[in-house]
Amino acid sequence: MSPPETDIALHLSDVLVQFGKTQLRFDCTIGRGQIVAVTGASGSGKSTLLNVIAGFETPDAGKVEILGENAAGRDPAERPVSVIFQEHNLFAHLDAGTNIGLGIDPALKLGVKEKAKIAAALLRVGLDGFGKRLPPTLSGGERQRVALARALVRRKPILLLDEPFAALDPGLRAGMANLLIDLHRQEGNTILIITHHPDDVRLMADSVLFLDQGRILLHEPAARFLDHTDIPAVARFLGR
Amino acid sequence: MGETTDCKRYKAIMIDRIERRLTLAAGALCLGGIVLFVCLAAGALLAFDEPGSAGDGALFDAYVFDAYVWRVARFTLLQASLSTILSILLAIPVARALARQPAFPGRVWIIRLMALPLGLPALVAALGLIGIWGRQGVLNTALVAIGLDQPVSIYGLSGILVAHVFFNMPLAARLMLGGLERIPGEYWLVGANLGMRPVSIFRFIEWPSIRGLLPGIAGLIFMLCATSFTLVLTLGGGPAASTIEVAIYQALRFDFDPPRAIALSLLQISVTSALLIAIRLLTPVADEGHGGGRTVRRFDGRDGFGRVGDWLVIALAVLFLALPLGSVVASGLRSDLVRLASDPVVQRALVTSVVIALVSGLLCVLSAALMIRARQAAFSPRRPLAIHRGLAAGISASSSLVLLVPPVVLGAGWFLLLRPLGDVARFAPLLVILINMLMALPFVYRVLEPAMATHTARTSRLAVSLGLGGWHRLRLIDWPGLCKPLLMALSFACALSLGDLGAVALFGSQDMVTLPWLLYSRMAGYRSTDAAGLALFLGLVCLVLTIAGTPRAGADGQRRKDVTA
């Protein structure tokens with residue numbers, strides 16, 4: 001049994017981020033090993049929430065705790081977090097294997113053991129033998145799989161995904177979601193995923209963070225969220 | 001009702017057809033004139049036969065393998081290579097520092113400062129550089145003051161290199177900055193998330209994007225340095241440091257040795273053509289960085305060492321660029337500007353310069369616009385005739401033709417061609433106007449072409465469907481839509497002509513003195529206070545005209561959006 005405080009992967013209290021006149025406030029606690037869907041209209045602050053956790057954005061006030069430790073003053077690389085964006089996750093001039101290798105050592109000093117790790121990660125995302133391929137020769141879905149493989153070799157307990165499937169067509173989306181669930185089961189990591197699709201919520205999420213105008217409006221189990229038609233903003237999101 | 005509409009449409013189509021033919025004819029005429037002007041000069045060089053000299057074979061034996069000619073050629077390539085390498089090596093840290101510090105105070109102004117040398121007449125810049133790096137300049141005075149008595153020499157190879165770096169380092173840095181700013185923002189975030197150190201960021205993110213631009217940038221700078229005339233003439237300081245262009249000028253103007261001028265001209269044409277082919281084969285030069293635009297979030301260079309290093313690099317670059325400019329302003333203000341302004345020689349030079357600049361600028365813009373329109377007309381049917389396709393190809397190749405034969409070579413050809421007709425100076429105004437017009441043509445073409453393409457795409461079908469044509473379309477649609485780019489192109493062409501020394505140097509005389517020529521004579525005659533005042537004036541006018549003639553980032557982006565929409 002792990003000590004009780006580490007059962008909490010993320011804890012944000014009174015976090016304030018200001019852009020000119022816009023104020024975003026985040027308060028939430030996310031348990032370890034969950035898959036959390038982050039949803040809400042565009043401009044509601046979803047990406048900012050992820051940026052605050054990843055360390056790309058410094059809050060103007062409040063406290064961010066990651067695995068029980070205060071994250072203030074920690075560089076993005078020092079946080080136990082991997083990030084995957086909608087696109088441009090891979091350096092286009094480096095082949096897939098090298099892109100993954102950068103996750104093991106950012107100066108790219110790789111030995112035989114590390115090379116084996118890269119091959120194994122490619123195998124796990126279903127891209128065995130794709131190591132020498134350059135990103136522009138891969139499909140959008142394949143590129144996202146390589147990004148996922150890099151997150152795997154980094155072995156960070158928290159994975160943040162900012163609309164990772166938005167550029168993929170529906171068939172691929174479902175495949176990617178299933179891959180993500182499989183890997184989650186093996187790794188037991190905590191996943192925050194921004195999505196616009198109720199289907200993603202249904203398929204993957206344990207719980208849902210629903211943002212509206214810079215506030216976390218709801219944080220509840222996915223099943224209950226999907227029945228929430230009493231709140232207009234949620235009803236609009238669910239298309240009802 | 002239906003019949004009148006049909007009739008109207010038929011009439012519109014007829015007008016359209018006649019207009020198309022006229023446009024094609026006018027474009028062909030312009031192209032023919034340009035080709036004739038260039039080819040006559042080249043022909044004169046090739047066919048020149050000095051009475052008393054043996055045939056072509058002897059000419060080649062005597063001059064092409066002449067030690068002097070080879071030395072000049074070697075020096076030309078050497079200084080161009082060194083200038084290119086230095087400019088690029090120095091531009092990399094500057095571009096990187098500017099890219100890493102998106103919130104640097106006054107960053108936009110620094111980037112604008114880096115665009116200034118492009119609009120500055122080379123002669124004015126040379127004067128500013130002498131003011132800083134010269135024997136009595138700021139640098140050497142400071143060196144002497146701290147007890148060093150080894151002065152830095154601005155004349156010879158080192159001076160030429162300093163001047164070429166002054167002009168081309170900022171150009172290279174701006175192009176590289178453009179490349180760095182086009183890197184997707186996610187790269188910096190991924191790099192930060194993976195914990196890349198500055199060395200890794202340079203190796204995996206920055207360098208690959210700069211590397212892709214290098215062939216284009218290097219080709220461009222090498223071309224500019226290999227055909228540099230004014231800077232080498234003023235800073236070369238003697239026959240030991242002479243480029244082909246300057247040697248042509250000296251062969252004609254001082255030694256009166258036409259065969260040597262011919263040999264050198266042919267050498268120059270082969271060098272420039274080899275360069276043009278090389279540049280064509282390399283990647284095209286990309287857009288410049290503008291310093292505005294979207295905010296880039298970078299996580300390197302935020303703390304201590306990296307930040308101080310970047311500031312130091314930026315400060316040094318700013319000093320290197322701003323000091324000579326400041327020197328021009330300071331010594332210009334010290335000169336007796338009122339006396340200069342009332343000097344009849346200066347006034348006459350001003351009038352001459354303005355008339356030449358305006359006439360050559362107008363000719364240039366008019367012929368470029370006609371040729372671009374003709375090119376559009378040639379492609380307007382879905383299957384253009386072969387002859388029309390040929391015309392269109394000729395028009396787009398014409399700007400390269402102009403680059404192939406630099407002004408001094410062009411001038412040398414016409415010098416030889418007109419000499420049998422009497423005093424060459426009589427033809428000076430016409431030749432200077434035409435040569436200046438040709439010089440500006442590639443630039444004007446590049447400003448006008450995209451603007452006119454957008455305009456045509458927006459308006460041509462509508463105009464035809466409304467039956468608008470001829471004069472009415474020019475007045476109601478074309479002029480309001482195109483007057484801005486046309487005036488911008490004119491402004492740029494005038495600035496080039498106003499600052500030019502190359503063409504005037506060959507033909508200038510007592511009867512035709514332009515401002516740059518006057519400035520050059522005053523510099524050579526050690527009347528340096530006069531020179532300082534003239535330089536300030538000339539520099540200001542050219543800068544204002546160039547700034548007015550440069551498309552702004554926002555307008556450009558808007559245009560691109562319109563094209564894709």
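1. Where does α3(B) bend, and which proline follows within four residues? The model is predicted. In it, α3(B) bends at B:Ala91, by about 25°. The proline is B:Pro93.

2. The length of the helix can be checked too. α3 of chain B covers residues 67-100, which is 34 residues.

3. Next, a helix pair in chain B. Packed helices are described by the angle between their axes and the distance between those axes. For α15 (residues 344-379) and α16 (residues 386-404) of chain B, the angle is about 145° and the axes are 9 Å apart. The crossing of α15(B) past α16(B) is left-handed. From α15(B), the contact draws on B:Met371, B:Ala374, B:Arg375, B:Ala378 and B:Phe379. From α16(B) come B:His388, B:Arg389, B:Leu391, B:Ala392, B:Ile395 and B:Ser396. By class, this contact has 7 nonpolar, 2 polar and 2 charged residues.

4. The spacing of those residues deserves a remark. An α-helix has 3.6 residues a turn, so residues three or four places apart point the same way. On α15(B), B:Met371, B:Ala374 and B:Ala378 are among the contact residues. On α16(B), B:His388, B:Leu391 and B:Ile395 are among them.

5. Now the interface between the chains. Chain B gives 17 residues to the contact, and chain A gives 17 residues. On the chain B side, α8 (185-194) and α9 (198-226) each supply at least two residues. The largest share of that side comes from α8(B), with 7 residues. The chain B residues touching chain A divide into 11 nonpolar, 3 polar and 3 charged.

6. Chain A has a hairpin made of β1(A) and β2(A), with 2 residues between the strands. β1 (residues 8-19) and β2 (residues 22-31) run antiparallel and are joined by 9 bridges. A:His11 stands opposite A:Thr29 of β2(A). In the turn, A:Gly20 has a positive phi of about 60°.

7. β9(A) and β10(A) form a hairpin as well, with 2 residues between them. Here 6 bridges join β9 (residues 207-212) to β10 (residues 215-221) of chain A, and the strands run antiparallel. A:Leu209 has A:His219 in β10(A) as its bridge partner. The turn residue A:Gln213 has a positive phi of about 50°.

Key
Residues numbered from 1 in each chain as written. Chains lettered and ligands numbered in written order. Predicted model: local features only at pLDDT ≥ 70, side-chain atom pairs only at ≥ 80, totals over all residues. Axes fitted to C-alpha atoms, helices over the stretch in contact; angles between N-to-C directions. Left-handed = near helix turned anticlockwise from the far one by under 90°. Contact = placed C-beta atoms within 7 Å. Nonpolar A, V, L, I, M, F, W, Y, C, P; charged D, E, K, R; others polar. Expected span 1.5 Å × (residues − 1). Bend = angle between axes of the 7 residues up to and from the residue. Pairing = 2+ DSSP bridges.
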